[in-house]
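Okay, thanks for coming, everyone. Let me put the model up and we'll walk through how its parts pack together.

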Amino acid sequence: MSGGTIDLLTWFWPKVSDRKNAQFAITEACFAAVLVAVMTEMLSTVETLKDTAEGLSAKGFVTAIVFAAVGFGIYRRSPIAAVSGLVLYLVGYSYAWVKVGPNFGAIPLLVALALLNGVRGTFAYHKLPPRPEGLPSLAESFGALERNPAESEKVAGKGEEGKAAGD
């Protein structure tokens, strides 16, 4: 297989065996849930603004709020939220399929796949061993780099001091 095929396969079905990749799958699912919430909200608003005899329906707005809450739960790495998001999305898509008819598209498939990977990521994340005590955060690591200049900078600084002292 070529390098592009492996990368595409990794994107569709990421490995979630380490913390970094599990977090990537979780973040992807969070974005997918928020995307569903935003799109549902926009479509519900358009339907509400149309002049129809059906009147105001709150179903779309409730669905948008639910998916926003699911997105927040996935962001917090909740397996329950991830499973709920996937199930709700599949049930809603199946309901639309029955009411309107089959609609095969890439976006619904990609959203479902992202939510499925979020389920995998949240469960894998909670199976990983806890982080060691005293492990510095990313901000602390960068702070340490600012306080301790690189060796090449130290050597360059000493070279200039030596020239000034030798003059």
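Predicted model: local features only at pLDDT ≥ 70, side-chain atom pairs only at ≥ 80, totals over all residues.

So, the crossing of H2 and H5 is left-handed, and by that I mean the near helix is turned anticlockwise from the far one by less than a right angle, with clockwise being right-handed. Helices here are DSSP runs of H or I with at least four residues, strands are runs of E with at least two, and both are numbered from the N terminus. H2 covers residues 19-49, H5 covers residues 106-127, and their axes sit 7 Å apart at an angle of about 140°. That makes H2 oblique to H5; under 35 degrees would be roughly parallel, over 145 roughly antiparallel, 65 to 115 roughly perpendicular, and the rest is oblique. The axes are lines fitted to C-alpha atoms, for helices over the stretch in contact, with angles from 0 to 180 degrees between N-to-C directions.

Who touches whom? On the H2 side we have, among others, Ala22, Ala25, Ile26, Ala29 and Leu35, and on the H5 side residues including Val111, Ala114, Gly118, Gly121 and Tyr125. Contact means heavy atoms within 4.5 Å. The contact of H2 with H5 splits into 12 nonpolar, five polar and two charged residues. Nonpolar is Ala, Val, Leu, Ile, Met, Phe, Trp, Tyr, Cys and Pro; charged is Asp, Glu, Lys and Arg; the others, Gly among them, are polar.

Numbering starts from 1 along each chain as its sequence is written, and side-chain values use heavy atoms, without hydrogens or water. pLDDT is the predictor's confidence in each residue, from 0 to 100. The chain averages 82, with 81% of residues scoring at least 70.

Overall, we have seven helices and zero strands.

Next pair: H3 and H4, the latter being residues 79-100, cross at roughly 145° with axes within 8 Å. Val66, Phe67, Val70, Gly73 and Ile74 of H3 meet Ala81, Ala82, Gly85, Leu88 and Tyr89 of H4.

Last stop, the loop between H3 and H4, where Arg77 sits. Arg77 isn't a glycine, yet has a positive phi of about 65°. Most residues other than glycine have a negative phi. Arg77 counts as partly exposed because its relative accessibility is 29%; buried is under 20%, exposed over 50%, partly exposed in between, using a 1.4 Å probe and protein chains only.
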